[in-house]
Amino acid sequence: MNEKSVDRASLTMLQHAAKERLETAWDRWEAQQPQCGFGQLGVCCRICNMGPCRIDPFGREPKRGTCGADADTIVARNLVRMVAAGAAAHSDHGRDVAHTLILAAEGKGGYQIKDPAKLRRIAAEFGIAPNGHTDQQIARELGERGLAMFGRQEGALDYIKRAPEARRNTWQRLGIVPRGIDREIVEVMHRTNMGVDCDYKNILMQGFRAALADGWGGSMLATDFQDILFRQPQPIRSRVNLGVLKKDQVNLVVHGHEPALSEMIVAASRDPEVLKLAAEKGATGVNVAGICCTANEILMRHGVPVAGNFLQQELAIITGAVDLMVVDVQCVMPALAGITNCFHTKLVTTSPKARMPGVEHIQFSEEGAYRIAKDIVTRAVENFVRRDPKKVNIPEDATDLIAGFTTETVYQFLGGRYRATYRPLNDAVMDGRLRGAVGVVGCNNPNTVHDHGHLALTKELLRNDVLVVTSGCSAIADAKEGLLQPEAAFKYAGAGLREICETVGIPPVLHVGACVDNSRILTTLVAICDEGGLGKDFSQLPIAGSAPEWMSEKAVTIGFYCVASGLLTHFNTPHPVLGSPGVTRFITEEVEGLLGGKFLFEPDPLKAAGAILNHIDQKRAELKLKPPMYKPVPVSV
Ligand code: SF4
Ligand code: MSK
């Protein structure tokens, strides 16, 4: 059992599930073994009806599909289709947020512009003159400009001008400046259609372009517009893990990605009518908790507790204490329909894009947001009385955390109230107190020990004086381990990082939000480059990215835009590319000469940390920075 997770609460629930013969993702993954080798290597093609075709991975016949496509073409096509799917998911989320901003400007749906200062700052970046215009007028124009980024046909996405000049020049030279978000995704699908692009390097470059359209387009837009609507996060305290579910309260779990619904659920859970009904039903309150990225969204803006990360979605139901789980889009397992049937838990889908057979659907629309959210919360309250106390088994584990760091709040933390600046951070890197910084992000996957990759890699980086920023399910893993507390610096950080955390009062791992908020990492890097002293391009900085337990196509897209932005980017298990030595060599070696970044595939988190540290040291040497000030503390993870 221990090899399934390092999280005690999850292990408790897995034992309970085994006893009760309840199936989880781990069981289904085991039932899939051995998984299809052709699929793992990426050499299966079913793009046209002359196939499906598959290429022999050992160089024997068949070496080509019916049309003549070889392993390089097939692997590259499959890979960039993953990138397109991931970019589509993030960016469609961004599109909905732009739509919501327009509704807020029109006074519809109960949404407000909660951060007018950010509205005006972003509007100015888009060249929208503020003179004499109301927030509503500016929001409307900004929302429309945001939507126009999706259908743009020529030129560069508005956000591209945020990138350092050297980076923009690289993209320009390589012909991968993203034009419109939808356009780049469509072009991936066109080029990978039967009989179009068969030059694997050319195909992969379009993959980088589509990923840039996500990182520097759809995701960045989602982050900025959400901050405008729901306000920019500030560091906030909360708690995490299955122990946040409450025996005596109505437990409503929100799961998915988009905050438009969950924001309203939080508001509705505090509605006096709802609370009165809860009291009538014998509950002491309404407890909203989150899973996956929607959890991160309402955590960092409202301090709403987090029940768990991706692999804990079924485990939350198995506690028997969830009265209603409401889902929107992305990372929602179809298995939830079955597991909720074993309990009193009501499952509700809300997005027209994501329905489940046999599951109640309450269609969410931004126009009727509060009314719909209140309806859902009321159903949760009404379902409380159906909870079977004999089936309730809530683990005690719950850990304190601080979440909600942004590019802007890090400025304030480092420079103080009166002189917001990244100077202290850059100085700390330059004088060797801080060795570098790494973004550790992404999912869980039953193909590796749940949370182990995130924690082992992160702790090894911390003890080597590397500041870690985190998002998505990785952030939730870190939070459960206590790494999002300032005190974690004493336990895990090397002497240099510890000094900084102590002085500034921050945890050694900074939670920056949901998966779309990886764009905050990009804008933070822009600020670091602008501050000066550490090079003029991301590829010169002593930094890296990692997704140590990746699962989703969205993670591949994030990896692609990190590499295209000049970062060494680690994934534990390889992308499905090993069937093509050409593609593998290109994305793990040759692309560095073009983009300055490359992929590193390494399943062992400690070895991965070693490779990342070597990369950081190499960058430090190239910048002629002082050697690291301290030797790592002699404790291992
Ligand atoms: Fe086979 Fe070529 Fe059709 Fe792919 S596109 S299924 S390799 S014939
Ligand atoms: S939720 S994409 S499992 S991080 Fe963003 Fe977690 Fe990965 Fe989904």
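How many nonpolar, polar and charged residues does the shell around ligand 2 have?

## Basis

This is a predicted model, in which local features need pLDDT of at least 70 and side-chain atom pairs count only at pLDDT 80 or more, while totals for chains, interfaces and linings use all residues. Residues are numbered from 1 along each chain as its sequence is written, chains are lettered from A and ligands numbered from 1 in the order in which they are written, and side-chain values use heavy atoms, with hydrogens and water left out.

## Ligand shells

The shell around ligand 2 has eight nonpolar, three polar and one charged residues. In these classes Ala, Val, Leu, Ile, Met, Phe, Trp, Tyr, Cys and Pro are nonpolar, Asp, Glu, Lys and Arg are charged, and the others, Gly among them, are polar. Among the residues around ligand 2 are His-257, Cys-292, Cys-293, Cys-331, Cys-443, Cys-473, Cys-515 and Lys-554; a residue is near a molecule if one of its heavy atoms lies within 4 Å of it. Domain 2 (236-391) and domain 3 (404-622) each give at least three residues to this shell, the domain bounds coming from an automatic or database domain assignment.

Ligand 1 is surrounded by residues including Cys-45, Cys-48, Cys-53, Cys-67, Arg-77 and Met-194. The shell around ligand 1 has eight nonpolar, three polar and one charged residues.

## Sheet

Six strands form an open sheet in the order E13-E12-E11-E14-E15-E16, with parallel pairing. Strands (E, at least two residues) and helices (H or I, at least four) are DSSP runs numbered from the N terminus, and two strands pair if DSSP finds at least two bridges between them. E13 and strand E16 (598-601) are the edge strands, each pairing on one side only. Between E11 and E14 there are four bridges in the parallel sense, and Val-440 stands opposite Ser-546 in E14.

## Cavities

Eight cavities of 30 Å³ or more are found in the whole structure. On a 1 Å grid over the protein atoms alone, a cavity is a set of points where a 1.4 Å probe fits but cannot get out; a pocket is an open set with protein on both sides within 12 Å along at least five of seven lines, and lining residues have an atom within 4 Å of a point. Grid points are joined across faces, edges and corners, and a volume is the space filled by probe spheres set on the points.

The largest cavity holds about 440 Å³. Its lining has 38 residues, with Val-438, Gly-439, Val-469, Ile-521 and Leu-525 nearest the centre. Helix H22 (518-531) is one of the elements that supply at least two residues, and H22 gives the largest share, seven residues. By class, this lining has 28 nonpolar, nine polar and one charged residues.

## Pockets

The largest pocket has a volume of about 1200 Å³. Of its 31 lining residues, Gly-39, Met-82, Trp-550, Met-551 and Pro-576 lie nearest the centre. Domain 1 (71-230) and domain 3 (404-622) both give residues to the lining, so the largest pocket lies between them.

The second largest pocket has about 280 Å³ of space. Among its 17 lining residues, Arg-121, Arg-162, Thr-407, Glu-408 and Thr-523 are the closest to the centre. H22 provides the largest share of this lining, six residues. The lining of the second largest pocket divides into five nonpolar, four polar and eight charged residues, and at least three come from each of domain 1 (71-230) and domain 3 (404-622).
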